[in-house]
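Thanks for coming. I will take one structure and go through it element by element.

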Amino acid sequence: MAKWGEGDPRWIVEERADATNVNNWHWTERDVSGWSLQRLRQLLLGVRVAGPEGACQLTDVNKLDGEASINNRKGKLFFFYEWQLRASWLGTSSSGVKYRGTVDVSNLSDENDMDDLDISVSLCKDQPNTPLLDLMKRTGVPEVRRILGEYVHQLKSEFSQGMILPSTNEPKPQPELTQKNQIKTSRAQVESSSELLSAAAHISSTPRCSSSPAPCPSGVRIPTCSFNLKETFQTSADELYRTFINQEVFTRSVALVDGCRGGRFQLLDGSVSGEFTQLVPDQRIEMRWRFRTWPSEHYATINLDLEDRGDETELRMECRGVPAGEEDSTREGPRCSSFKEQEEMAAELFSTSLPHSNVVEVVEAKKSFIQLSEPEPTFENICERDTDQPNGNNNVGEEGDSWQAAHPTLRERNALMFNNEQMADVHFIVGPPGETQRVPAHKYVLAVGSSVFGAMFYGDLAEGQSEIHIPDVEPAAFLILLKYMYSDEIELEADTVLATLYAAKKYIVPALAKACVTFLETSLEAKNACVLLSQSRLFEEPELTQRCWEVIDAQTELALRSEGFCEIDLPTLEIILQRETLNMREVVVFQAVLSWAAAVCRRQGLVVTPRNQRAVLGKALYLVRIPSMTLQEFADGAAQSDVLTLKETRDVFLWFTATNKPRLEFPLIKRAGLVPQRCHRFQSSAYRSNQWRYRGRCDSIQFAVDRRMFMAGLGLYGSSSGKAEYSVKIELKRQGTALAQNFTKFLSDGSSNTFPVWFEHPVQVEQDTFYTVSAVLDGNELSYFGQEGMTEVQCGKVTFQFQCSSDSTNGTGVQGGQIPELVFYC
């Protein structure tokens, strides 16, 4: 008999507080199918490859069947997983044509190495052959294989923790993988620079203060907790990412950091240690780490997600497996050092690790660290105080006398001077009386950026004023102008973009003006088209003017009935009423003109009466083409408005009815409007005695275009067995959201012609986005149908691409079926 404590360690019953699975002898199992489903989908949707042929990316995971689990027996880990998956890919050729296909993996399991995976790539049935298929086979397949290997690696590193319980009787064994679970994975090297784990140690995992912390007892199940933190840093995602993995940053204590996947790190003189399990440059860092005072060999998992938001980066941190009782200290950061010491460490950390950020960014980022251990003031309040200072918000004095050395580029140093009192040699009083704001500036910077300021400060007639009043520019717009001149940064918002465009034009800053015009073009729609038309004429921007006319012509009724139409000036009203291509009935034009006149009366403090409306309209009234109305429309509308004189009303009635027509002041010819274009997607049509049948089921197709156009309606086939009337519902959707629909009827004459069915108003369709059109018909079942369908059709200036829709339940697809025509304006 062996002595107490001697012999085969498997048979020595250790003392365990939880009495659970002594010596890891019993079989334990953990189901990780749920995590696997989520992780596989996340990894696959990040696959993107590019080459001379174009670019392809996985857009959806259509099938993901299988399971995954981890088992422990006698101190050994067994990984079981088996998955079958299918993903959709979208490719865009170098010429801009889009293609769709699928990727299938049938044997992702613990029995196969990564190199043995069967990964097949194919095009959808209705897609023509394309070099993008070779790109996916050549480059996409290895990338999918790498991603699946990454999943297996994470499965083994992330979920093996806690499966083998620690023991006091023997050194902690490393998890032993069975031969069948050993896979071939490539070690993805990431750019080697390494840091801010020190800050992560302070933000996310610092021990409670203790002069000589005693290690927690091992040999028991560790109760753990999880939590999330979120911070915002005024720096770019790539700089923040490099900060986390850059060893050179650490100057206050000994640190070792191997900044690659699988690389290990030790920070704060060994107080924190762990390894990187995944690195996605500029996006995500995953690591296993532990604090020295935690139970032996117990590691927590930290995931850091970086979201680049232009001039700032949001850092989201997820902590799992933190020992219970350590949550508060992990959240709050170090309490054993004074607040001043923490501030100095954070200051050193950021001044070293963020060399390309301006001082404001350093200060804000530093405070976002410090506030974790100081409840007041909050980070939000600190930021508000920093950004709301009326006399400059970049106090470089906080950095001391050497702030210039911390910012090596001229652009960074200039950016620090924006809205800054330091060295300011001129001040602007901006805004109308009672709403002014005093803005500090530097003559040299402004003169370099604007010829107007150059002449103002250094020209032959330069004035030496220390304060300059600018009452016609909004303060917010002026600050946007100055920020661009100091730092090349442009920050535009819908509420201030017009005022900013005015400032850019006034001070001749063409790059900022162009950015404003581009912003306006992307936000252009029927409700603001008339206002933007007025502004584009004022600022002499012909491209924006043309875009406004495209919207107003196609969606005239929506544009003229919008609130924005009532805000335009008289010259803009007149030029709109002179437009030959307005696509609406004249009676609606007349009603819109009366609404505009009523709004002007209210703005001028006049009572809204027919007499006052006519007075503010002036000669613009004679641009309305009243004779082009029907007699009924005139009698029910304009004749009873009291805006026309009795003579004008009588003359118009005589013009409609008399043989000898009187002379009228109003234009007589009806507006030409827009001629609708038709995209026909079939090369021929046919009918048979047993098909095509309308049975109240949905015919649907998806399409995309390469430039903006306006969808007006559909052309549909009618009865193949003589004259018939149909009830129809047509609908246009984008990503499942209905944009327009209409219930109506049309009469078929028995021919193979198409019959137009219209939406109530044309709908704006943006480029490079797939839309779904559908039709549900009720009437004579037998119908003509299209065949020899085309996936791509050039119609005028617009190229259409078609693909099958899952909404179609009546057999319509790309190759054949219904919805032969799309009717549109462009």
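This is a predicted model: local features need pLDDT of at least 70, side-chain atom pairs count only at pLDDT 80 or more; totals for chains, interfaces and linings use all residues.

In helix 4, the buried residues are Ala 237, Glu 239, Leu 240, Tyr 241, Thr 243 and Phe 244. That is 6 of the 8 residues of helix 4, which spans residues 237–244, so the helix is largely enclosed by the rest of the structure.

Phe 244 belongs to helix 4. Its relative accessibility is 2%, and therefore Phe 244 counts as buried, the cut-off being under 20%. Gly 259 is 15 residues from Phe 244 along the chain, and the two C-alpha atoms are separated by 8.6 Å.

As a reminder, strands of a sheet pair through backbone hydrogen bonds, either parallel or antiparallel. Strand 10, residues 264–267, runs antiparallel to strand 11 and is joined to strand 11 by 4 bridges. For Leu 267, the bridge partner in strand 11 is Val 272.

Staying in strand 11, which covers residues 272–280, we come to Ser 273. Is Ser 273 buried or exposed? Ser 273 has a relative accessible area of 16%, and because the cut-off for buried is under 20%, Ser 273 is buried. Leaving aside neighbours within four places in sequence, Ser 273 is in contact with Phe 265, Gln 266, Arg 288, Trp 289, Arg 290 and Tyr 299. Two of those contacts, Arg 290 and Tyr 299, also come up as a pair: the charged end of Arg 290 sits over the ring of Tyr 299, 6.0 Å from the ring centre.

On to the aromatic residues. A pair of aromatic rings is described by the distance of the centres and the angle of the planes. Phe 656 has 22% relative accessibility and counts as partly exposed. Elsewhere, one aromatic cluster is formed by Phe 428, Phe 453, Phe 457, Phe 478 and Tyr 507.

One glycine next. Gly 140 lies in helix 2, residues 131–158, and at 1% relative accessibility Gly 140 counts as buried. In sequence, Gly 140 and Gln 57 are 83 residues apart; in space, C-alpha to C-alpha, they are 8.5 Å apart.

Finally, the whole chain. The secondary structure comes to 22 helices and 29 strands. The chain has 826 residues, of which 51% count as buried. Among contacts between residues at least 6 apart in sequence, 70% join residues at least 24 apart. The chain exposes about 39,300 Å², with carbon and sulfur atoms supplying 49% of that area.

Definitions and conventions: Residues are numbered from 1 along each chain as its sequence is written. Side-chain values use heavy atoms; hydrogens and water are left out. Buried means under 20% relative accessible area, exposed over 50%, partly exposed in between (1.4 Å probe, protein chains only). Rings of Phe, Tyr and Trp (its six-membered ring) pair if their centres lie within 6.5 Å; planes under 30 degrees apart count as stacked, over 60 as edge-to-face and the rest as tilted. A charge sits over a ring if NZ of Lys or CZ of Arg is within 6 Å of the ring centre and within 35 degrees of the ring normal. Helices (H or I, at least four residues) and strands (E, at least two) are DSSP runs, numbered from the N terminus. Contact means heavy atoms within 4.5 Å. Two strands pair if DSSP finds at least two bridges between them. Accessible areas come from the Shrake-Rupley method with a 1.4 Å probe; for residues, only the protein chains shown count as cover.
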